[in-house]
Amino acid sequence: MSVCPAPDELTSLALHHLDEAEAGRLQAHVDRCPPCQEALAVWTDLLGQLPLTESPIAPPPDLKRRILGALPPQDLPTQAEPAAKRAPDRLLRHVASRWVGLVATFALVLGSYALWRVERLSPHTIALQGVGPGQGALAQIALYTEGNGTRVSINATGLPPLTDEEVYQLWLLYDQERYPLCSFKVDASGHGEANYWLPGKLEYQSLGVTREPDATATHEPRGPKVLGN
């Protein structure tokens with residue numbers, strides 16, 4: 001898949017709530033998409049910390065007396081039989097249900113926080129369409145905040161093959177000026193990926209990809225435009 005999955009799909013992947021085919025499809029995308037790798041890592045980390053978020057709590061000193069006081073006389077344990085073996089199932093279910101409710105409530109709060117974190121990490125995506133020699137090609141640009149800058153990730157498919165020296169170059173147009181971001185190669189099927197980090201917030205009017213004779217970036221394209229928005 002070329003489009004980044006929604007936050008709820010990533011959380012389902014982290015929680016192993018997907019069937020094998022769907023999990024494989026999402027994981028294949030995550031393996032080649034740094035923004036989704038980071039978002040998935042947030043969920044995985046938070047879920048791993050769940051058992052450690054509560055400090056051990058000592059039981060109330062009168063807990064044993066209260067449990068034994070709730071038992072009918074015929075159900076009281078003898079010295080030869082531990083109380084845990086004679087306690088009615090209904091009493092154990094009651095105690096367990098209170099703890100399950102507490103854990104479920106806490107998990108809901110933590111899950112809401114984690115979803116908020118994932119949504120903040122979820123990239124803003126821009127679709128590019130093939131033009132000129134790149135007719136029929138597609139690309140997905142993902143922009144997301146990383147530290148005090150912006151991470152730009154491109155995932156392109158269907159581009160024509162390159163010679164040994166040629167590269168595809170991603171450009172940013174802002175205030176009538178072009179700025180080179182990152183260059184990338186493609187495999188035999190026309191698929192290519194690249195990442196670029198720049199400080200601060202990314203401002204742009206449009207994005208495009210050109211086919212360049214080499215990886216020497218200048219401020220003006222030297223080859224034809226193959227992708228644009």
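**Exercise 1. Find which residues are linked with Glu212 and Asp214 in a network of salt bridges.**

Solution. Start with the criterion: a salt bridge is a side-chain nitrogen of Lys or Arg within 4 Å of a carboxyl oxygen of Asp or Glu. The network joins Glu212, Asp214 and Arg222. Next, take one pair. Arg222 and Glu212 meet at 3.5 Å, N to O. Arg222 sits in the loop between strand 7 (206-212) and strand 8 (225-228), and Glu212 in strand 7, so the pair ties together parts ten residues apart in sequence. Strands (E, at least two residues) and helices (H or I, at least four) are DSSP runs, numbered from the N terminus. Last, check accessibility. Buried means under 20% relative accessible area, exposed over 50%, partly exposed in between (1.4 Å probe, protein chains only). Glu212 is buried at 3%; Arg222 is partly exposed at 38%.

The model is predicted: local features need pLDDT of at least 70, side-chain atom pairs count only at pLDDT 80 or more, and totals for chains, interfaces and linings use all residues. Residues are numbered from 1 along each chain as its sequence is written, and side-chain values use heavy atoms, without hydrogens and water.

**Exercise 2. Locate the salt-bridge partner of Arg32.**

Solution. The partner is Glu193, with the closest N and O atoms 3.5 Å apart. Arg32 lies in the loop between helix 2 and helix 3 (34-49), Glu193 in strand 6 (residues 192-199). The pair links distant parts of the chain, 161 residues apart. Arg32 is partly exposed at 28%, and Glu193 is partly exposed at 30%.
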